[in-house]
Amino acid sequence: MIDVLGTAPDVVGEAVESLCEQERLTREIRRLTAREKWVLEMRFGIPDGSRKTQRDIAKILGISRSYVSRIEKHAINKLGKTLSVDNSPPK
């Protein structure tokens, strides 16, 4: 495959790994609550790249900025735990 693509092996490997990680993250985001998912999508511009501040999200949802921060932190922690468990070596 590398010979056909004509690129350095590291470039192809990194691209494939990145794509796999993106697919895995997308799959795990689907497991979040609707509110957690929505906050992360708005904060990080998923999928359109249009990022919003916590203050903007708070106005949209009618909640405080600090509550948006807590939702965001909780969702990221949830993802981190799930993704790190999936990466742990089998026992």
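The buried residues of helix α3 are E36, V39, L40 and M42, where buried means under 20% relative accessible area, with a 1.4 Å probe and protein chains only. Looking down the axis of α3, you'd see these buried residues fall within an arc of 165°, so they line one face of the helix. The arc is taken from the directions from the helix axis to the C-beta atoms.

Keep in mind that this is a predicted model, where local features need pLDDT of at least 70, side-chain atom pairs count only at pLDDT 80 or more, and totals for chains, interfaces and linings use all residues. Residues are numbered from 1 along each chain as its sequence is written, and side-chain values use heavy atoms, leaving out hydrogens and water.

Now for the neighbour, α4. Helices here are DSSP runs (H or I, at least four residues), numbered from the N terminus. The axes, lines fitted to C-alpha atoms over the stretch in contact, have angles from 0 to 180 degrees between N-to-C directions. Those of α3 and α4 come within 10 Å and cross at roughly 140°.

Here is who makes the contact (heavy atoms within 4.5 Å):

| Helix | Residue range | Residues in the contact |
|---|---|---|
| α3 | residues 34–44 | W38, V39, M42 and R43 |
| α4 | residues 54–61 | Q54, I57, I60 and L61 |

Zoom in on Q54, which sits in helix α4. Q54 is buried, at a relative accessible area of 14%. Leaving aside residues up to four places away in sequence, Q54 touches R43, R65, V68, S69 and E72.

Definitions and conventions:
Helices (H or I, at least four residues) and strands (E, at least two) are DSSP runs, numbered from the N terminus. Buried means under 20% relative accessible area, exposed over 50%, partly exposed in between (1.4 Å probe, protein chains only).
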